[in-house]
Amino acid sequence: MSPTPHAHRIDIAGLTRDLPLFEVAPGTRIAVLNVLGDTSLITAAADALSERLAAIDYDVLVTAEAKSIPLIHALAVATGMPYVVLRKNYKPYMGDALQAETRSITTGTTQTLFLDGKDRARVTGARVVLVDDVISSGSTLEAMRAIVQRADARIAAEAAILTEGERGNWQDVIALGHLPVFTDPD
């Protein structure tokens, strides 16, 4: 079975997925990985990433809400490490939260990430691994970096299921694969 012209086939941790193509600008499309509900992919990706993180000295995993939450949970189970989720909405119980803005390529809007006051205590002084499902423009990663650095944490590594776009931008990211950006010929 071959992928449709509107999909990109990729192998991730031994599993094949056909990712739908989504137009983000005229003539420019990206392959969209939506891991929500794909338990076999989440488990396989978490196991593969945990193997690659085994040589890294770190204290806590950190991700941004929402699609990467199942990944970071499975990764925490696989590694035995705690995790923190940077939230997209501030709630009064979050106390003295840190925040940073991001503009995700898939949403196209500016969002704010918040580090809950209780989670801030877990991150302060820690060596963290930043985790995302797909790193594309790097905006979410940049906001995660800003927050953990303001919390006086040190970034030990950055990890994702996939990177996307210019491969050279992500050479230091621990990833299971890479996606091209699809452009129409002129």
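Visitor: How many helices and strands does the chain have?
Guide: This is a predicted model. The chain has four helices and 11 strands.

Visitor: What share of the residues in the chain is buried?
Guide: Buried means under 20% relative accessible area. The chain holds 186 residues. The buried share of them is 47%.

Visitor: Among contacts between residues at least 6 apart in sequence, what share joins residues at least 24 apart?
Guide: Start with contacts in the chain between residues at least 6 apart in sequence. Then keep those that join residues at least 24 apart. That share is 58%.

Visitor: Which residues touch the most other members of the largest nonpolar core?
Guide: This core has 32 residues. The members that touch the most others are Leu 33, Leu 61 and Leu 162.

Visitor: How far does α1 reach from its first C-alpha to its last?
Guide: α1 has 15 residues. At 1.5 Å a residue, the expected span is 21 Å. The model is close to that, with a reach of 21 Å.

Visitor: What covers the buried residues of α2?
Guide: The buried residues of α2 are Leu 71, Ile 72, Ala 74, Leu 75 and Ala 76. An α-helix has 3.6 residues a turn, so residues three or four places apart point the same way. The cover over the buried residues of α2 includes α1, β4 (60–64), β5 (83–86), β8 and β9.

Visitor: Which backbone nitrogen does the side chain of Glu 65 reach?
Guide: Glu 65 sits in the loop between β4 and α2. Beyond its neighbours within four places in sequence, its contacts are Val 85, Leu 86, Arg 87, Lys 88 and Asn 89. At 2.8 Å, its side chain reaches the backbone nitrogen of Lys 88.

Visitor: Is Ala 126 buried or exposed?
Guide: Ala 126 is in the loop between α3 (117–123) and β8. Not counting residues up to four places away in sequence, it touches Asp 59, Val 60, Asp 152, Ala 153 and Arg 154. The cut-off for buried is under 20% relative accessible area. With 5% relative accessibility, Ala 126 counts as buried.

Visitor: What is the relative accessible area of Val 181?
Guide: Val 181 lies in the loop between β10 and β11 (182–183). Leaving aside neighbours within four places in sequence, Val 181 contacts Thr 28, Arg 29, Ile 30, Glu 164 and Gly 165. Val 181 is partly exposed, and its relative accessible area is 36%.

Conventions: Residues numbered from 1 in each chain as written. Predicted model: local features only at pLDDT ≥ 70, side-chain atom pairs only at ≥ 80, totals over all residues. Heavy atoms only, no water. Core = buried A, V, L, I, M, F, W, Y, C linked by side-chain atoms within 4.5 Å. Buried < 20%, exposed > 50% of the residue type's maximum accessible area, 1.4 Å probe, protein only. Helix = DSSP H or I, 4+ residues; strand = E, 2+ residues; numbered from the N terminus. Expected span 1.5 Å × (residues − 1). Polar contact = N/O pair within 3.5 Å; in protein donor to acceptor, adjacent residues only side chain to side chain. Contact = heavy atoms within 4.5 Å.
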